[in-house]
2 protein chains.
Amino acid sequence: MSDQEVSNKRVALKNYVTGFPKESDLQIITTDTIRLRVPEGTKDAVLVKNLYLSCDPYMRERMSASDGGFPPFELGKPLIGYGVAKILDSTHPNYKKGDFAWGFTGWEEYSLIVSPQILFKIEHTDVPLSYYTGILGMPGMTAYAGFYEICTPKKGEYVYISAASGAVGQIVGQFAKLSGCYVVGSAGSKEKVDLLKNTFGFDEAFNYKEEPDLTAALKRCFPEGIDIYFENVGGKMLDAVLANMRIRGRIAACGMISQYNLEKREGVHDLTHIVFKEIRMQGFLAATYYHLYPKFLEMALPYLKQGKIVYVEDIAEGLESGPSSLLSIFTGKNVGKKLVVVAPE
Amino acid sequence: MSDQEVSNKRVALKNYVTGFPKESDLQIITTDTIRLRVPEGTKDAVLVKNLYLSCDPYMRERMSASDGGFPPFELGKPLIGYGVAKILDSTHPNYKKGDFAWGFTGWEEYSLIVSPQILFKIEHTDVPLSYYTGILGMPGMTAYAGFYEICTPKKGEYVYISAASGAVGQIVGQFAKLSGCYVVGSAGSKEKVDLLKNTFGFDEAFNYKEEPDLTAALKRCFPEGIDIYFENVGGKMLDAVLANMRIRGRIAACGMISQYNLEKREGVHDLTHIVFKEIRMQGFLAATYYHLYPKFLEMALPYLKQGKIVYVEDIAEGLESGPSSLLSIFTGKNVGKKLVVVAPE
């Protein structure tokens, strides 16, 4: 079986993108084959069957030719992203056949991962494995590091979260409630606003698309001002937040999804608030905090099992849905964490 | 003598300002008188003779009607700002006649300061007293807190300072050199650039007015990128810096003088660098760090006395020069720390 060559469909970038990506910028390639074992003599490698692939906003950066940030995807090669996979063969001391893992893998049915730098063995399988693309994976660590490490919350503080029903926002909001904060979120549809209020327990929520004046909307939600802003969108929203921040407020700059597809990014005009209100704005990437992953799991698993935190996923079926799924997160069509099921567990 | 009523000239704001302030927005009022003692029954007060008044960029904020930040100056009343004064009469336990102090005072010849919240007794008079408007006063504390507390410098790091020959910038640059950093500054004239290189010992300096492309200028000065940016100007310069920052760089947001006089502030477009390069940008005000003042003096005084740090002042004579002096810092006409001598010591 493991010597067998099987077909290995993949999702690849056809060309580098400027502006808004289209489905035709991506392609499904069905002509590949792969042998289901680690090649002879290849050390510290695993051959995996990909089960779930994660659609993450930062991936847009890798679809551009180069802006000096993340390295661009290689054209024609499978996209690289977070996923959950089953180990089929291993020469890596930490993994054996039958193990599950999450981390960087390819957007294809089977991947050979050599010297994996970001791959975590899944030790707890009594929760949906797909959660390791979300609340128990990179988005969970993003929420954890951003909220607890960067924002240093105190009970009673006022917390605002943009893109609040997304993969990360919904977790931050629930963490903030568990920390005794007052929490407001914004999202782009009535359905999402209802989720924030009724499923995730936010104190207040609004549909930013229906607010002609974002500064006024935030003033209404936060008459006392904002202590903590979990920044997922950037642009105009950031300006509105800065005007409403309190002295020594903190901004965890997690993402700026409103800006990734613009050829010329919006200007943020009122940065002088950062000076005069002594605001700390800090960008961060989850990977920098992965040493805290065991501590995070220790906190998050019981919350999940006791139902104190819930997680909403938006699951697409089949690798073929990869291109449309990835693009959906830039138009906000997804409701909750967007992921693709490649194969049943 | 102390019962005597004397004339008390003052500099006052005539009207609130939008856009660029003009000398005619300010006025000298010569008709006041004052009795040179603390009024009977007024506790914890000092009556001072003002010697030096400090021209500081943040004062522009107080010249606007209100933007929710600093409280506006009262029209017709003396401007409030940092200064050095001699105590003529005191009911405050910390001060006696003949003492010198620095802190918040009025732009007038004599001031009654009741319950002073920011006033420091000057214990060391073997340095020019005017330095207490600069390197030994608020600007010195700004440089100290911003560089050491916010930027957490490490030997060998790459440091960039805008408005580098100003009251704060010249100190930060010298601190950075003493910390073993590579230091580049920018300023707006050849004379200032020469000061940076020859007097303050910067490794490199450039005239930003002669650079058609600020991003390219910084790339030239920092082929390896910038670890620490001491932000004094904002706007376009900040965008150019963000493009050149290194991973986990730090920005001390001390001021954004290029923006204070604009009716519509410039947009900063590339804030996504903050996310992907995990940059920390932090606003701060010196006053938040005044508990560190004794520690700061312990460091700064020996450096000054040994000539390891020098300080360049731009001194105007007489209260009448107040309006033009204050305005000069917004056009960059000053060379070094701008201050006004009201009276000889």
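Two strands count as paired if DSSP finds at least two bridges between them. Keep that in mind here, because strand β15 of chain A and β15(B) are joined by three bridges, above the two that the rule asks for. The model you're looking at is a predicted one.

**How chain A is divided**

- Where the two touch, domain 1 of chain A brings 23 residues and domain 2 of chain A brings 18 residues.

- The size of an interface is often given as the accessible area lost when the parts come together.
- For domain 1 of chain A and domain 2 of chain A, the buried area comes to about 1700 Å², with 61% of it from carbon and sulfur atoms.
- On the domain 1 side, Gly134(A), Val312(A) and Val335(A) lose the most area to domain 2 of chain A, and together they make up 26% of what that side buries.
- Six residue pairs are in polar contact across this interface, counting pairs with both residues at pLDDT 80 or more.
- Helices α1 (59–62) and α9 (322–331) of chain A are the elements that each give two or more residues to the domain 1 side of the contact.
- That side of domain 1 of chain A is made up of twelve nonpolar, seven polar and four charged residues.

**A salt bridge between the domains**

- Side chains of opposite charge can pair when their charged atoms come close.
- Between domain 1 of chain A and domain 2 of chain A, the count is one salt bridge.
- The side chains of Glu61(A) and Arg265(A) form a salt bridge, at 3.3 Å from N to O.
- Over all chains, the whole structure has 40 salt bridges.

**Where chain A meets chain B**

- Each partner puts in 33 residues: 33 from chain B touch 33 from chain A.
- Together the two chains bury about 2800 Å², and carbon and sulfur atoms account for 65% of it.
- In chain B, the residues that lose the most area to chain A are His269(B), Val275(B) and Phe276(B), with 23% of that side's buried area between them.
- There are zero salt bridges between chain B and chain A, but 16 residue pairs are in polar contact (both at pLDDT 80 or more).
- On chain B, the elements giving two or more residues to this contact are β14 (245–253), α7 (272–276) and β15 (280–283).
- The chain B side divides into 17 nonpolar, eight polar and eight charged residues.

- Strand β15 (residues 280–283) of chain A and β15(B) run antiparallel.
- Within this pairing, Gln282(A) stands opposite Arg280(B) in β15(B).

Notes. Residues numbered from 1 in each chain as written. Chains lettered and ligands numbered in written order. Predicted model: local features only at pLDDT ≥ 70, side-chain atom pairs only at ≥ 80, totals over all residues. Heavy atoms only, no water. Contact = heavy atoms within 4.5 Å. Buried area = accessible area lost by both parts, 1.4 Å probe. Salt bridge = Lys/Arg side-chain N within 4 Å of Asp/Glu carboxyl O. Polar contact = N/O pair within 3.5 Å; in protein donor to acceptor, adjacent residues only side chain to side chain. Helix = DSSP H or I, 4+ residues; strand = E, 2+ residues; numbered from the N terminus. Nonpolar A, V, L, I, M, F, W, Y, C, P; charged D, E, K, R; others polar.
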